[in-house]
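Subject: Structure handover

Dear colleague,

The structure is passed to you below, with the sequence. My notes on it follow.

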Amino acid sequence: MRAVLLWTVNDFPARSSLSGWSGQGYRACPTCNEDTPSMRVIGKTAYFGHRRFLPTNHHWRSNLQFDGRTERKRPPRIFSTTDILEQLRRVKTGIPGKHPNYGGVKRKRGDNELNWRKKSIFYELPYWATIELKHNLDVMHIEKNVCDSLLGTLLADPHKSKDTDNARRDLAKLGIRHELHLFEDGNNLMKPAADYTFSEANRRKFCRFIRSVKFPDGFASNLSKNVAQNDRHLLGLKSHDCHVIMQRLLPVGCRSLVNKNIWSTIVELCTFFKQLCASTVNVSDMVEAQNQLVLILCKLERIFPPAFFDIMIHLVLHLPEEAILGGPVHMRWMYPFERYLKRLKDYVRNAAKPEGSIAEGYVVDEVLTFCSRYFDDVETRFNRPDRNDDGIHPTRQLSVFESQCKPLGKQSYLELDNNDRDKAEFYILNNSPELEPYLK
């Protein structure tokens, strides 16, 4: 038997470590490579400027509302496997970390090395260089980070909002959106309210909406626990919580709280994630989604400040391309691995020896699972009834009245008028096999 390494599935920092392409700096995108759209803002690098993905004759390229300049750059090039190998040949093999040969500091990369830190050990596999999709972008972490950025900015969370004072200073530096610039009122620095943030009353409405939502059993966690006591922020959201909010709740919850241009753009982004996470993916749909994502990101650039666009926002643009190459995302994201790691961490009883605790707990679990197959008179995971096993609870002798679920609550009686009674009798007579001998 032989095994083949098809691809890797990691979050973005681990992907950078495995692939050798650094996920930081002006060229952080591994797909756009040296053509990554980026700019320097106060205190960080923003991956802003998605107008270059538009056709060269698109009218948005000459619009000055984005960053105060016209966009004349062509779309990023598509780098083939041969181009990547040529770039890797220019990467020098250096000693990692700080070393006396480099003056006690880390060796700086040369301009011809781009963002390559090393040549991945996977290239020792004879087929690895020819694979188009080597390292998957993890949809789970990208969706969570996008959701955190959106919710933090919409709710004006002081710890997670991208609408900071420096973000407003970036707007003044670019000379755009003058109505959002900081201004001085006496000794105070004033920050005008933005259209893309909820008002105080709307923040409470949105949080109360999240608190009031009820899901089917097993569909999602209890999101009411993540709403702050003052009904102004959401706290401690997990990856699956963000998954549910992005695809189910955010499009509905923000509809009446912001203007139509902002709401419609957010809905388009959430719809794309819902389409991407479907169990089946159509290639033509992904090609269309690729084109629509360029427009969505350009719309977001007209709404939010450049500081909003971290690398996770940009990576959304490449998810349809990877879906075409790799198929549905439920085979390529981190959910099953994260859940299994949680199971292994639960085995730890001695924090000083975590590896031994995991090994011992795994063996114990395997032994108990094997033995439980032979226990007929003891409730085990093999004979335990389902959590919501309603069964069939017949309430009448006719099969048409058989209930498929367990009745809940108090009984109520409904009196039918003549028209509804005739319809009910017609349905019963034509759908009850017990009455067929009497109808012949």
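In which helix is the place of Tyr 340? Tyr 340 sits in helix α11, which runs over residues 335-346. Please keep in mind throughout that this is a predicted model.

Tyr 340 is also part of a nonpolar surface patch, together with Tyr 362, Val 363 and Val 367. The patch covers about 350 Å². Helix α12, residues 354-372, contributes the most to the patch, with three residues.

Next, helix α3. This helix spans residues 139-154, 16 residues in total. From its first C-alpha to its last, α3 reaches 22 Å, close to the expected 22 Å at 1.5 Å a residue. Of the 16 residues of α3, 15 are buried, so the helix is mostly covered. The N-terminal end of α3 is capped by Asp 138, with a side-chain oxygen 3.3 Å from the backbone nitrogen of Met 140. After α3 comes Ala 156, with a positive phi near 55°.

Last, the cysteines. A search of the whole structure turned up zero disulfides. Cys 270 is in none, and the nearest cysteine sulfur, that of Cys 254, lies 7.0 Å away; a disulfide would need the two sulfur atoms within 2.5 Å. Is Cys 270 buried or exposed? Cys 270 is buried, because its relative accessible area is 1% and the cut-off is under 20%. Cys 371, at 31% relative accessibility, counts as partly exposed.

Regards

Conventions: Residues numbered from 1 in each chain as written. Predicted model: local features only at pLDDT ≥ 70, side-chain atom pairs only at ≥ 80, totals over all residues. Heavy atoms only, no water. Helix = DSSP H or I, 4+ residues; strand = E, 2+ residues; numbered from the N terminus. Expected span 1.5 Å × (residues − 1). Buried < 20%, exposed > 50% of the residue type's maximum accessible area, 1.4 Å probe, protein only. Polar contact = N/O pair within 3.5 Å; in protein donor to acceptor, adjacent residues only side chain to side chain. Patch = residues over 30% accessible without salt bridge, like charges linked within 9 Å, V, L, I, M, F, W, Y side chains within 5 Å. Areas by Shrake-Rupley, 256 points an atom, 1.4 Å probe, with all protein chains shown as cover. Salt bridge = Lys/Arg side-chain N within 4 Å of Asp/Glu carboxyl O.
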